[in-house]
Amino acid sequence: MEQMRDAMKKIQGEKRFAHTLGVAETASRLAAVYGADRQKALIAGLLHDCAKPMTGEKLLDFCKRHGIGVTEAEQKAPSLLHAKAGAYLARQEYGVEDTDVLNAIRYHTTGRENMSLLEQIVFVADYVEPGRDKAPRLAQIREMAETSLDQATVWILEDTLGYLEAEGAVIDPASRRTLQYYQNAAKKSGEK
Ligand SMILES: [Fe+2]
Ligand SMILES: [Fe+2]
């Protein structure tokens with residue numbers, strides 16, 4: 001754990017490293033709230049952005065060299081690949097073998113349908129960690145994260161997609177699928 005922390009400190013700038021620590025701490029805390037494995041949450045949080053320092057060009061090249069499939073959206077917005085490349089590095093460079101931890105890293109940007117508890121915790125922690133301050137509904141989403149990960153996931157994706165749409169940026173269809181899935185999930189649990 002110490003080694004992972006030091007490695008991240010070395011490869012990430014000050015701001016990104018602060019974000020990394022924020023995500024690790026938040027994920028570990030949410031794991032305690034929801035009964036997930038705190039150690040795994042901490043590791044996934046520490047490593048989730050381990051490939052983020054790579055440029056888009058480097059990420060595309062990295063994925064090609066290591067046989068990591070690149071989707072159309074990722075081709076257009078290669079920075080999306082830091083999640084997949086990060087999972088690869090977590091395994092090869094940092095010795096993580098746990099599939100759940102690797103998936104939490106792999107899906108932290110877009111989420112996916114039917115995420116595991118750990119995956120969802122890391123996805124939410126990435127957005128609500130204390131260093132974030134720009135998103136408009138942050139206070140509301142932070143509060144929701146304590147009681148419903150499904151509803152927090154819906155709001156995070158609504159706001160992220162809304163922002164990307166307004167910017168005219170590339171939207172990964174995986175994010176839309178995740179949103180749709182959790183809109184249904186949140187509705188169902190609201191009906192119970
Ligand atoms: Fe990320
Ligand atoms: Fe992040």
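Helix H8 is covered by several other helices: what lies over its buried residues includes helix H2 (14–34), helix H3 (38–47), helix H7 (99–106), helix H9 (138–145) and helix H10 (149–167). The structure discussed here is a predicted model, and within that model H8 is mostly covered, with 11 of its 12 residues buried. The buried residues of H8 are Leu-118, Glu-119, Gln-120, Ile-121, Val-122, Phe-123, Val-124, Ala-125, Asp-126, Tyr-127 and Val-128, a list that includes Glu-119 and Asp-126 as well as Leu-118 and Phe-123. From its first C-alpha to its last, H8 reaches 16 Å, which is close to the 16 Å expected at 1.5 Å a residue.

In soluble globular proteins, nonpolar side chains tend to be buried together. Ile-121 may be taken as an example: leaving out residues up to four places away in sequence, Ile-121 touches Ala-27, Leu-30, Ala-31, Tyr-34, Ala-36, Ala-41 and Leu-149.

The chain as a whole has 11 helices and 0 strands, so that its radius of gyration of 16 Å, close to the 16 Å that the globule rule gives for 192 residues, describes a protein chain as compact as a globular protein of that length. Further values for the chain are collected below.

| Property of the protein chain | Value |
|---|---|
| Span of the C-alpha trace along the principal axes | about 45 × 35 × 30 Å |
| Residues that count as buried, of 192 | 41% |
| Contacts joining residues at least 24 apart, among those between residues at least 6 apart in sequence | 56% |

Elsewhere in the chain, Leu-89 has its place in helix H6 (residues 82–92). Is Leu-89 buried or exposed? Leu-89 is buried, because 20 other C-beta atoms lie within 10 Å of its own, and 20 or more is the number that the term requires. Apart from its neighbours within four places in sequence, Leu-89 is in contact with Cys-50, Ala-51 and Tyr-94.

Key: Residues numbered from 1 in each chain as written. Chains lettered and ligands numbered in written order. Predicted model: local features only at pLDDT ≥ 70, side-chain atom pairs only at ≥ 80, totals over all residues. Contact = placed C-beta atoms within 7 Å. Helix = DSSP H or I, 4+ residues; strand = E, 2+ residues; numbered from the N terminus. Rg over C-alpha atoms; globule rule 2.2 N^0.38 Å. Expected span 1.5 Å × (residues − 1).
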